[in-house]
Amino acid sequence: MLYRETGQFKTSYSADMAVMPILQDRVGIAVILFIAAVIIPYFGSGFLIQAVMIPFLIFSLAAIGLNLLTGYTGLLSLGTGAFMGVGAYACYKLTTWFPGVNILIWVIASGFFSAAVGVLFGIPSLRIKGFYLAVATLAAQFFLSWCFIRLPWFYNYNASGAIEVPTRTLAGIPITGATATDTTRYYVVLAIVVAMTWLASNLVHGRIGRMWMAVRDMDLAAELIGIRLLPTKLLAFAVSSFYCGVAGALLVFLWYGGAEPSVFDVNLSFFILFMVIIGGLGSLTGSFFGAALIFILPIVLRYIPPKFGMPIQASMVEHIQFMVIGALIIVFLIVEPNGLARLWQIGKQKLRVWPFPY
Amino acid sequence: MDTLYKIFIDPFMQMGAAPDLLVQTLWEGLVAGVLYALIALGFVLIFKASGIFNFAQGIMVVFAALTLVGLYEHGVPAYVALGLTIAVMFGLAVAVERLMLRPLVNQPDIILFMATFGLTYFLIGFGELVFGGEPKIMIAEQLGLPRGAIDIKMAGGFVALQKIDIAAAIIASIMVTALALFFQKTRIGRALRAVADSHKAALSVGISLEQIWVIVWFAAGLVALTTGIMWGARSQVSFALEIIALKALPVLILGGFTSIPGAIIGGVIIGVGEKLGEFYWGPLLGSGIESWLAYVIALIFLLFRPQGLFGERLIERI
Amino acid sequence: MRAMDARQTTAAGEALLSVENVSLSFGGVRAISDVSFDIRKGEIRAIIGPNGAGKTSMLNVINGFYSPQRGRITFKGKTRSKMRPHEAAEGGIARTFQNVALFRGMTALDNIMTGRTLKMRRGFGWQLLRYGPAMAEEVEHRRKVEEIIDFLKIQEIRRIPVGRLAYGLQKRVELGRALAMEPDLLLLDEPMAGMNLEEKEDMSRYVLDVNDHFGTTIALIEHDMGVVMDLSDRVVVLDHGIKIADGTPSEVKNNQGVIDAYLGVAH
């Protein structure tokens, strides 16, 4: 009853092809944005913002990046962590060399570096398909991880091997480094993630999204339509890595405040991949759902049981977390291979006819 | 110019200057290769019989080894522990078939592949929970595996061949031959190949998919156990082994996903290539290049032969 | 002899595409042996033959999916030893498949829209923005696609993911996608396969209409003799990769070699 479309007539093709043709969806998004921009910063605790919201947004962005490549274009990638790392380190080097330039410019620029690396490791995708391509991305992952650890140039020859984020400002307000407040950083991350999600949405709803999905579904038929495979795949690598690179830069500069090279290892790649699988391959909203579940679950596991009087040791939490994530993946694949996004869609379908059963 | 010399000439000169070191390195590469091949073998078994790439093979190796050592540490005699571990691996195969394979029976391969990710993470968590995360020592001696080394004098120096390595090579060869014969000659082996080709067709001739899968995952479990014992005897049993299992991927790329002899050949190429690369070219680039060298070797091969050395070239019929 | 520009229009009745001495093998298997024929502009050309005759392989060669070991293909005046799929597409060849090669993850509408890909020019930057020139282009092509949807009477199933459609409807959507490319040459691989009488009549009418209305040259593989006789202007018959007849339907129908081939008489 709430979600009925009756009465919403589309009188032009452009209205029909709008990204959110249903009024209730548009209202819903507006509400979510309002909550994100106003309610949470005002009412939310520092903990909520620093430990939950900021990383959730950043991981969602990385998940969107991987989803564009794996979910929309069908190119399985296990190198997400490395591409995020490229973005983080690029940003670090750029701001070290040009400290006067606004850090946000460098965050976006580092995306381009990531994109370039992504394209480089995507070139094999012309000849190598499917699962073998995943191994090529693993090569990228291990090689770049090794670079971050072994080549001191990356961390400015710092003795500890880690990088520390210097203070940078935007319009006089510090947004990175020790003096930046949670709220400031939250707003910056929110703005960037919202903007980039909007751009990704535009892409996937238009010609380019269709080309990617065609390559995913049947590349032979796609060629027949006139789609050139290599440029299309490389574009997917480029855009995907751009998003991951920016996410990596945000991760280090606007969340952690520093990084050890081990942050961008193969486990991070799997982490993001699980978000995409559980959230739903080929769905932008799914990326957010998946990030929420995979990221928030360990937090829940860590803090809820003590409230019920069942203390769990810290080390055990990690083990249980792994078990739960592993089991969840299998359960999801059995119950709904298209992930949370599909469950959400089914839910909306039911809302359309509620309270009637069909 | 100097760099070119360092990359293309110097390592070979070093090889020539100390041939005993070269033989030692080659031997170590061979042994490592045999062990990689064992891991790859587990993948090949499952892939050959079900078309699934079992990402969890690596963790099964660790899990099997941990179970064995764990039981022994609780006072169970070595051979009894071995028997019990075999039973546990059988139980695991049954559980996987019931809870994971059966519900997903008609799904595309990529879904099953992702399910094995889930299985991996589950087993990692479970293993750490039950056995603890610290490295353990494999009960090699108690199982009757030899210790010590044989020293061979050659080319002006010594080459030390660890007896355990020789044992590993021999055991691996026996295992490979046995499995190859099993697949080719026995009725069950034929059934396994039929299932790998087409589930529906196999069902229609009366092959029980569930039984086949249990058999195959159990066989992979046995291979995992053997691998775990051998790897563990040479170094330690820890979860780091799981990452080493990822090394099997380049091996599979070279050797093909369905070829048992290919797994050995691929393993040896990767093992030897890695050791040589690490020993002679490693100092140029910094240590630890073995973390990615195997992948790059495999990648280069893939560019020339996208189906791997032994893989079947897929002729897509439209 | 003046070099011919590929974009030069071919007069009706002249050969739009011709294959000369094409031979194709897979490993040791000879799929096509030394086959030559042409397809004239504006005609409906049937390619028939018993199973395994090499018909689909022939289409695949024309399309560029397979490269013949020998022979040449001349399309719109330009001769090549092999075609590449996107060259074929850019040159104006569209195709449907025996086993319906639709994009399963997309709706019927989106599938047909992909057929417009070559005609859509707005670059990456505009796509990022969407509102503005990219949207205007989408609307323009949506109009065209809606014409095709009206023509094929598939309005109700626009928004349904194609994987869920009945086989007959899937084939219609696939035809729609091919038509969206506004091809000069349309290759149909068993468009009537698996259809009942009513569906066949519908599809036949569509094929004829496409040929009449849009002037599209059509080459089709078909097993139903009735359809072949009714629809086609000329027929070429293949058997075991060799051409055994080439002419009008009535000529071919009475050709002894063709009858023998279908009846399986050894020759």
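This is a predicted model: local features need pLDDT of at least 70, side-chain atom pairs count only at pLDDT 80 or more; totals for chains, interfaces and linings use all residues.

How many salt bridges does the rule find across the interface of chain B and chain A? I got zero, counting a side-chain nitrogen of Lys or Arg within 4 Å of a carboxyl oxygen of Asp or Glu.

Residues are numbered from 1 along each chain as its sequence is written, chains are lettered from A and ligands numbered from 1 in the order written, and side-chain values use heavy atoms, without hydrogens and water.

Next, I looked up the contacts (heavy atoms within 4.5 Å): 43 residues of chain B touch 36 of chain A. The two chains bury about 3,800 Å², 81% of it on carbon and sulfur atoms; that is accessible area (1.4 Å probe) lost on being put together, summed over both. B:Met114, B:Tyr121 and B:Trp292 supply 18% of the area chain B buries there, more than any other three residues.

Then the pocket. I checked the second largest one, an open set of points on a 1 Å grid over the protein atoms alone, where a 1.4 Å probe fits, with protein on both sides within 12 Å along at least five of seven lines. Its lining (residues with an atom within 4 Å of a point) has 33 residues, and A:Asn267, A:Phe271, A:Glu318, A:Gln321 and A:Phe322 lie nearest the centre. Helix 11 of chain A (a DSSP run of H or I, at least four residues) gives the most to that lining, six residues.

Methods:
Helices (H or I, at least four residues) and strands (E, at least two) are DSSP runs, numbered from the N terminus.
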